[in-house]
Amino acid sequence: MEWETVIGLEVHVQLATKTKIFSGASTQFGAAPNTQACAIDLAMPGTLPVANEQAFRYAVMFGLAIDADIGQRSVFERKNYFYPDLPKGYQTTQLDAPIVGAGQIEITLADGSTKAIRIHHAHLEEDAGKSLHEGDFEQGMSGIDLNRAGTPLIEIVSEPDISNSDEAVAFAKKLHSLVIALGICDGEMSQGSMRFDVNISVRHKGEEKLGTRTETKNLNSFKFMEEAIALEVERQIDVLEDGGSIRQETRLYNADTKTARAMRSKEEANDYRYFPCPDLLPVVLDDAYIDSVRQQMPELPIARCQRFVDEYALSAYDAAILSDNTHIANYFEATVKQCNDAKLSANWIMGEVSARLNAEEKTITQSPINPTQLAGVIARIKDNSISNKIAKQVFDGLWLGEGDSADTIIEAKGLKQVSDSGALESMVDEVIANSGAQIENYKKADPEKRPKMLGYFVGQIMKASKGQANPKMINDILIKKLNELV
Amino acid sequence: MAFAQNQFNLVENPVKHDDINALAHLARININDDLLDNVTDNINSILSLVDQLQQASTDDVEPMYHPLDATQQLRADEVTETDNRQALQANAPATEAGLFLVPQVIE
């Protein structure tokens, strides 16, 4: 019997505000423990939350980007549970009246087809602090760092429209590129800026009723998400095929051991006893506010892709690759602006730059070569100072920091293409003089076959010039000289 | 938990000791067994008052999320609170390397 997987995602996105959602403490990553946790974040008695406008603006931007209804009257609730990294004893979140209503996101599948994944809603909430179980402190104790407590999040909840791990990853990547393009999240997955909870169930193909689902929590990379889904789908099918049943439970995936375990089952699940937060009034965003946010929306990846086709005459394929990631798109546009050659810029970024970044597991923002430097390389190809082959050497030199511009490296390594006709002529003469046998063959050959025989001579000359001879000029001079001999 | 679903159907389903114990656990409070009857009765009588309120027709009434007829003021996204760790940790039972220490919690 064939099985079918049903997946829904809950995605926590840390908003790129300077301060917490309900306090004026900084959200900067990497500060010393508890130096960015103020009296409000620590739930000191007598403190009250003061809501951060920027968090609402960012949430509205996300809502507009996915064509969702914006909750013009949004309400905060208390979700009550005890945990040491939650000083108030409740998380301030939204339940009945979230800021972003239903919307959708279109993903592109491997075969090029598209699929719409519906978003149920997205709500604003605060992040908790961090518990550290190992460190420079007494055994049997946990350390609590509340710097993260109160960082604004939007939790994006999808409908169970996702059918496998490929779609889940495509959806997650799409969200990632969208929130970065909007500038509402820094997208730094390794710092926890985006975390995924995956709800998974399986059922027999054709079955209407959903199977019992489990939730694998807190995945912070696309790769871990893919692995965790594969593992959980396999586990559920095994259990069911052995005649067992799935327990509704929360699971944790361990990326080091590639295993998962149950965290808590539904029976002992928390009852969160939500109720509207009396410390916060409903937040009302009027049409004028939402319009003002709409005016400030940056260009979205989909629009940018189309503009790349129109403005730079890129193929749809190239435009899609270059526009999907905002940082790559910015890098591309900065390069084109300085070298005025979109096609060459696109080729270099999708080719050499990507290959090197992938090999070194770097992102474009960590590229040792900036757009100005890349544009410098391209400019020298265009004015025939260097060939494509030499350009790769120059690129490598820049990558390794052997110089700070293409010109310095070309100068220092003497890589400039030789276009001086006198020098080129003597190179040609020398090769002709040293290639007696080949010259005899050339003379005897059928004139129609002669062009094909030029390769040998060009190769010898390029070798003699260490690749620096201007190939077009070499060709012209060679043909002229050989014709004189025949 | 049964409690949440049953709260407005008290005639058929009054709150029982188990519900009170579960709630007490969630609230991390300890209710002695000899008090359990009393607390259970009290909660049931409070809930029957709520039950009575539930009888009122609210079909055309918009739910009220807050007793004040006002909306939330928002603040600008500017850092106003800087590091005050030393003072804020002054009354913490245990700290180390800037962390608050609590009895170990691993779920």
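Between domain 1 of chain A and domain 2 of chain A, two residue pairs are in polar contact, both at pLDDT 80 or more. A polar contact here is a pair of N or O atoms within 3.5 Å; within protein, one must be able to donate a hydrogen and the other to accept it, and residues adjacent in sequence count only if both atoms are side-chain atoms. Sorted by class, the side of domain 1 of chain A that touches domain 2 of chain A has five nonpolar residues, one polar residue and no charged ones. For that sorting, Ala, Val, Leu, Ile, Met, Phe, Trp, Tyr, Cys and Pro count as nonpolar, Asp, Glu, Lys and Arg as charged, and the others, Gly among them, as polar.

The structure is a predicted model, in which local features need pLDDT of at least 70 and side-chain atom pairs count only at pLDDT 80 or more, while totals for chains, interfaces and linings use all residues. Residues are numbered from 1 along each chain as its sequence is written, chains are lettered from A and ligands numbered from 1 in the order in which they are written, and side-chain values use heavy atoms, with hydrogens and water left out.

Back to the domains of chain A. The assignment gives domain 1 (3-291), domain 2 (299-413) and domain 3 (421-485); such bounds come from an automatic or database domain assignment. The centres of domain 1 and domain 2 of chain A, taken over C-alpha atoms, are 36 Å apart. Six residues of domain 1 of chain A are in contact with five residues of domain 2 of chain A, where contact means heavy atoms within 4.5 Å. Together these two domains bury about 540 Å², 64% of it on carbon and sulfur atoms. Buried area is the accessible area (1.4 Å probe) that two parts lose on being put together, summed over both. On the domain 1 side, S177(A), I180(A) and A181(A) lose the most area to domain 2 of chain A, together 62% of what that side buries. Zero salt bridges turn up across this interface, a salt bridge being a side-chain nitrogen of Lys or Arg within 4 Å of a carboxyl oxygen of Asp or Glu.

Now for the two chains. In all, 39 residues of chain B are in contact with 58 residues of chain A. The area buried between chain B and chain A is about 4200 Å², and carbon and sulfur atoms give 62% of that. Here too the salt bridge count is zero, but 20 residue pairs are in polar contact between the chains, both residues at pLDDT 80 or more. The chain B elements that give two or more residues to the side touching chain A are α2 (17-26), β1 (74-75), α4 (85-88) and β3 (99-103). Of these, β3(B) gives the most, with five residues. By class, that side of chain B has 21 nonpolar, nine polar and nine charged residues.

Strand β3(B) also takes part in a sheet that holds strands of both chains. Helices (H or I, at least four residues) and strands (E, at least two) are DSSP runs, numbered from the N terminus, and two strands pair if DSSP finds at least two bridges between them. The sheet is open, with four strands in the order β8(A)-β9(A)-β3(B)-β2(B) and antiparallel pairing. Its edge strands are β8 (130-132) of chain A and β2 (95-96) of chain B, each pairing on one side only. Strand β9 (residues 141-145) of chain A and β3(B) pair in the antiparallel sense over four bridges. I144(A) stands opposite F100(B), and M141(A) has P103(B) as its bridge partner.

Chain A has strand pairings of its own. An open sheet of three strands runs in the order β5-β4-β15 (chain A), with antiparallel pairing. Since β5 (90-93) and β15 (275-276) of chain A stand at the edges with a single partner strand each, one side of each is left without a neighbour in the sheet. Elsewhere, six bridges join the antiparallel strands β6 (residues 103-108) and β7 (residues 114-126) of chain A. These two form a hairpin with five residues between them, and G112(A) in the turn has a positive phi of about 90 degrees. Seven bridges join β7(A) to strand β10 (residues 152-158) of chain A, again antiparallel.
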